[in-house]
Amino acid sequence: MMDARVHRRMEALIEFCEKNGMGLLLTDGKYSLGKLKHYPFNSDFEKELRDRLNERNGRTMFFWEYKELMEKYNATKTEFLAIVLKNNWTYYPFKFKLSPKSTYVVFKTKIVDKL
C-alpha cells in the first residue's frame, strides 16, 4: 500500500469513487494507513534516511543503502513504511528505489491527510 505504483492507481480509483459517490478504504490486510501513520519509529533512523535523501539535491536511495540503514538501526519494514508515509516520499519496493518527493498529490491530500 506504500508502493508508488499503488498510489498512481489509487489516484484513478479516488477519481472514480468521487464521481460515483463512493467511499474508499485502503489496507494491506494487516495495517490500515491510519495505523501506519501513527506507528512508532526511531527518529534517528528517520533523520539518517532524510539526510541521505537530501545529499546531492534529493537523489534516489537504492537497496544497498536501505539495507545498511535497516541493519544499523535494527529497524522493521513497518517502521520504514511509517517514515515513508510521514515524509511523503516515493517508494518502489521492486526494484527498490526511495526518492524524497512524491508526485501523487491527490493520494496524499484525499487519503493520507484525512487520517
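Colleague: How many cavities of 30 Å³ or more are there by this rule?

Modeller: The count comes to one. A cavity is a set of points, on a 1 Å grid over the protein atoms alone, where a 1.4 Å probe fits but cannot get out. Points are joined across faces, edges and corners, and the volume is the space filled by probe spheres set on them. Here the largest cavity has a volume of about 50 Å³. Bear in mind that this is a predicted model, where local features need pLDDT of at least 70, side-chain atom pairs count only at pLDDT 80 or more, and totals for chains, interfaces and linings use all residues. Residues are numbered from 1 along each chain as its sequence is written, and side-chain values use heavy atoms, leaving out hydrogens and water.

Colleague: Which residues line the largest cavity?

Modeller: Lining residues have an atom within 4 Å of a point. In this model they are Met2, His7, Val84, Leu85, Asn88, Trp89, Phe107 and Val112.

Colleague: Is threonine 90 buried or exposed?

Modeller: Buried means under 20% relative accessible area, exposed over 50%, partly exposed in between (1.4 Å probe, protein chains only). Threonine 90 has 8%, so this residue is buried.

Colleague: What does threonine 90 touch, not counting residues up to four places away in sequence?

Modeller: Contact means heavy atoms within 4.5 Å. Threonine 90 touches Ala4, Lys97, Leu98, Ser99, Lys101, Ser102 and Thr103. For Lys101, the backbone oxygen is 2.8 Å from a polar atom of the threonine 90 side chain.

Colleague: And phenylalanine 80, by that reading?

Modeller: With the sequence neighbours up to four places away left out, phenylalanine 80 touches Phe45, Leu49, Tyr66, Met70, Tyr91, Phe96 and Leu98.

Definitions and conventions. On a 1 Å grid over the protein atoms alone, a cavity is a set of points where a 1.4 Å probe fits but cannot get out, and a pocket is an open set with protein on both sides within 12 Å along at least five of seven lines; lining residues have an atom within 4 Å of a point. A polar contact is a pair of N or O atoms within 3.5 Å; within protein, one must be able to donate a hydrogen and the other to accept it, and residues adjacent in sequence count only if both atoms are side-chain atoms.
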